[in-house]
Every structure is written in structure tokens, then in C-alpha cells.
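Dear colleague,

Please find below the structure that I am handing over to you. My findings follow it.

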Amino acid sequence: MSGGPLPVRTRAAVAATRVVSGLSRWLGAGSGTVAGGHAGLTLDPHLLEHLATGRRVALVSGTNGKTTTTRLLAVAVEGTLGHAASNTTGSNMPTGHVTALATSPRCAPAVLEVDEGYLPRLVSSLVPEAVVLLNLSRDQLDRTNEVRMVANKWRAALSATPSVVAVANADDPLVTWAASGAAKPIWVGAGLSWRQDAVGCPSCEGRITFATGGGGGWSCTCGFTRPRLDVACVGGDVALADGRRFPVPLALPGRFNRANAVMAAAAAAAMGVRWDDALRRIAGVHEVAGRFAVVGVGGCTARVMLAKNPAGWREVLDLVSPDEGPVVVGINARVADGKDPSWLWDVPFERLRGRTVVATGERCRDLSVRLHYAEVPHRTVTDEVAAVRAAWMAGAGAAGGVGAGDADGRVDFIGNYTAFTDLMARATRVGA
Amino acid sequence: MSLIVVVVHPDLLGTYGDGGNGLVLAQRARWRGVSAELVEATSDVALPEGDLYCLGGGEDAAQTASADRLRTEGTLERAVGRGATVLAVCAGYQIVGRSFPAADGRPLPGVGLLDVTTAKGTGRRAVGEILAEPVGGRLPVLSGFENHAALTTRGPDTSPLGRVTVGIGNGDGTDGAVCGGVVGTYLHGPVLARNPALADLLLSRAIGRPLKPLDDTEEAALRGERIAAVRARRAGGLVRYVLGSS
Ligand SMILES: [Zn+2]
């Protein structure tokens, strides 16, 4: 199913996208995704729709896990649908989507990460085959992005586009509210670590009650309740409503990556991929855009993790909790991070007690005060590389030897968005 | 006897990490050997009796639900009558006043602990760093972050908390309102973490005696950095304004 020849204007726009994105890469001005897409969209405002015609399209959105799930879904469909066009660098606005499609073969499937705010218009204009809805929680406090409003807009777009399969996290009431608007929802029990933004019922403005015991059930007195699951996580397995059960072996760490993997596999299955094939391919992914990679920084070895908001930090702190080695936590508050780091007080940094901790980043002083009240002794080192080195040395001292870091000789670095990307720009890959 | 610090409705009023204020108060009491209990009172349980109450920021529907609940229960009002101390920030500041606007602008009744009324603003949303010189001279400069779209007018029974030098605050050049042991402000989120002197003022009122100083090295470093950053940005803005208009 090729989409036929593209209009002349569109072909010119595609050429411009490729030239500009190639040129800005060559000039060293970033990856070129935004500049190229911008050039193309200027020539043809409907470029994205034209480029998507004739492709099988899946979109991935939510507050946390977008980049990882997009990558896992692209990997999962590869054996059945072929190599997918995907915005792998996390440029999740239309400029990034245009570049991903313009620089790929015309009929390759598309797996696109989409900013939460842009999702409704992409659902309407691209009419994708599947949409993956991960979760909704507070992020970037200086913007007025009430998560409730986002859920309502998702719901309206899905109601108006009944052909779309919505693969939705049924453990998140706001996501469930949005996906209830879809004609074809697939309910996945993917977990919810941060309930603070979910207690207000989106249906009646009453109060959601969560079942105790970690089963993930929830309900409101108005009758809005967690739907019956099509896909459940049981131990290390995924269990389907039809009784089939598959193990989920993963190279990526953490409960949240297990949830991302199951969401990606469910979407792949909705697009005709066999569950076992999807899960086998997902199991081979060791890192996503540097996240969870082990890198060399200033002569030390560090495992690097990204956490952008309270929900994300909660998950990552859970992940590193069993370890005992030194931890570096880094916070910036640039536009891409949100300029208001008040959310630091929603993060349970108390869990770092007993570890060697170094606070870093442009807003390390906000973090330092937070750690002070959490009674977590720490040092404050503004420069990120110097902070990793300080943690490494302190770890060596604590271990009483010349080796440094924890048993694997490693420092854990957790940063918010630009703190993470800044460190990665100064790091060298040493393999996973 | 333990000092009871109540975080009011964290499920409704906690958008900006405002729960941090309760933690700061409880820790600063404990660090001085005063035993303190921190109670997170969600809106599905009756508001407990306490010595210090903290209210935070929230979205429109949540703010209305919290105000309804507080007015119906009357516990907060009675606690203040008994001498309890209250810190109310952002949406919490608005609901302890006489009235505040619903999402559609219609005025809704507040709890009435402060003689202030709040109405929807007409201009841009006030989002950014804020600096205010405290009124009364007992505190150093107040530093914080604000994010709100409303304007607050004080009645004769209150004094402002500070005079705004950077930012918007109430919208008339002042920020916040104080009446007895009730303090309201637009400096949202963990305002007490940036302003430990304000925390100690509230705490000493609740405990009933002056408090010995603590080692505030971390807080001092944060305050110094934030105040310098805000003043540098304002100076830069002035330079651009003068150059741009010449
Ligand atoms: Zn309900």
C-alpha cells in the first residue's frame, strides 16, 4: 500500500527537510531534527499528513516512559512490519515527526513519540492504527498544564477517531478516563507509582479510592472504576484475558521499564505482531537514548538515569534502593526542565539515607536544602563531572580501598532532563 | 506534649510540593528538641486538631472542594479561635480569605480567616521568581516562586506580609496578608525552605517561646543564589529596556 506520488510542494518540503537536517548535523548544530522539520513544515504545512499516508502508524504519549516505550515498540514491530521510522532522539513535536518520516523509506511503518499536548491533533490528522497511553502526572510546574485538561482533550480526540486502538494503562484513572472515549480500548495493568494527581475523579469530581494491597484496583462512588484488564502483569509474566501467558525477560532495569515493555508489546500485538516475537525482541534492548547506560565520566564509571518529575523520581529511587554505592543527584531548572523545582518536595529523597550522596547541577542548592530536611548527609558540587568524581572518591574512602563506587566499581547518577543530557554530552560509552 | 503540624488536604492542595512546609516546620521543631508530629490530613478524613496548619496550592476544582470541606467542618476556624497558627500559600491563601473566584470567575465563599478577597486577574498569569521586603522589619527579604492568575485585595483588618520588589504577589505591589497567627502568601511551594526565618516565626508563635538559632548553611546558600539570580535578571531586563527604547 504505497501512498501514490507525493504532490510537488510536498516533495520539495521533503527535500528541504532532508537537506536542512543533514546540513545542521554536519555543522554540528545538534541532531538536525528540529531545524529540518521546521524547514519542511514551512514549505508544506500538511507535510506530516502527506508523509504518513500509506504507512502503518503508532503513537506513544504520556508523562513518563515515552522515549523508552517508543523505542521498545519500534523494536517489537521490526520483525513483522519492517524497520520503523521513529523520532529516536526524543524530539516529540511535529518538527521531530516530520524529520523522522522524511528521512525514512516511504512505506516504512512509523512509531512516533508524541508530546502530551500535541497528541489530540496528531490523532485527528494522522488517524494512527494504535495509540499507547502510558500515564498522566504533574510535570513542569511553571506551565499551566493541568493533567485533567490533557485527559479531557485526549478523550475528545479518541472519541472522534473510532478506528484507533487505544492501548491504555488501566491503573491510571486519568488515562482510563481518556481511553474510555476510544471505540477500541485495550486495557493494560501497567501500574501507577504516583497517585497524587489521580485522586480527583475525572468523571464526577468526587474521590477515587485505591484498593489496598497493590492490586492496582480503584473506583469512585459514581461508578467510574478500573476496567477489566485485557493484559495483566503477574509476577514476571504477562497474562492475557484469553488465558495465554508469556514471560517478560528484560535487560532494562526497574518496575517501570517492565510496564513500558508490556505496553509496547500490547501495542505491537494490536498491530498484528506475535506476543512472543515482540517480547523476545524487546528483551534485547539494553539502553534507550543513553538511559541506564554505564558510561565513563571524568575517569570514573557511572550508571546514568533520567528522572524528570515526582512520578519518575519515585520509580528511579525504587530502582537504586537495593544498592549501597554512591549516588549523584543532579537538578537543573531550564525551560526544558521547568523553571520551578518546587516538586523536589514531592520526591522521597529520604530513601537515600545511608548512602554517599552528592548534589549537583545548576539548582544543586535547592536539592541540598531538600536533602538537609530529609536528613540525608551530602556534599554539594555544582559541576556534574566533578560531582561524579567526588562521589567516586568518597565511595572509595568508604570501601577502604583504592577501587571506587559500589561493588561493581560504579557511581549511580540520576539527573532531570538537561542535567542528564549535559552529563551525557561529557561522557564516553563503556558498554552496558 | 507533642507539637502537631497538620498539612491540610494534601490530596487537593499540594500541586507545588507545598507539603514541604509541614516537613520544614516539624524538622525545625525536632532539631531543637521539641517533639513534633506531622499529620497529612487528606480530604476524606476529618481535619484533626493541631497547633500549626499548612495549606498549599491546587487546581480550580480541588480548591473549591477543599474550601467547601473546611467551611462545612469549621475545624480550622475553631483552631484559629483557640490560637492555632496557619500558613496558607497560593490557592490555600485564597481560600482562607473571604471569597475567591471559581474557574468561571464567579465568587465563592472562603473560610474567612483573613480579611482578603480574590478575583480573577485580567492580565497574564503571574509565573516566576518573586522577592518581597517584609513589612514590620522582623524578617529578612522573602524569596520564592509564584504561579497564579488572580488578584487579591486586602481589607482593613490585615497587613501585607511584604512589599514586592520583583514579581506580582497580590497585584498591588504587596504580597500576602497577616492577621494574628494566620499568614497568607503567593510565595508557593516550599516557601519555608527558602525562608527559614519565616518558619521560625510561625514555630515560635506555636510553641510560645523564642527559639535558639539552627545551622542554616544550606538554606543560606540557596537564598543567596536565588536572590542574586533574580536581581541579576532584573538588572539585565532594565539594561535591555533602556537600550531597546533608545
Ligand atoms: Zn466519580
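How many salt bridges are there between domain 1 of chain A and domain 2 of chain A? The count is 2, a salt bridge being a side-chain nitrogen of Lys or Arg within 4 Å of a carboxyl oxygen of Asp or Glu. R255(A) and E315(A) form a salt bridge through their side chains, at 2.7 Å from N to O.

Please note that this is a predicted model, in which local features need pLDDT of at least 70, side-chain atom pairs count only at pLDDT 80 or more, and totals for chains, interfaces and linings use all residues. Residues are numbered from 1 along each chain as its sequence is written, chains are lettered from A and ligands numbered from 1 in the order in which they are written, and side-chain values use heavy atoms, with hydrogens and water left out.

Domain 1 of chain A spans 48–282 and domain 2 spans 294–429; these bounds come from an automatic or database domain assignment. Their C-alpha centres lie 29 Å apart. To the contact (heavy atoms within 4.5 Å), domain 1 of chain A gives 15 residues and domain 2 of chain A gives 18.

Together the two domains of chain A bury about 1,400 Å², with 54% of it on carbon and sulfur atoms. Buried area is the accessible area (1.4 Å probe) that two parts lose on being put together, summed over both. On the side of domain 1 of chain A, the most area is lost by L141(A), W194(A) and F256(A), which together account for 35% of what that side buries.

Yours sincerely
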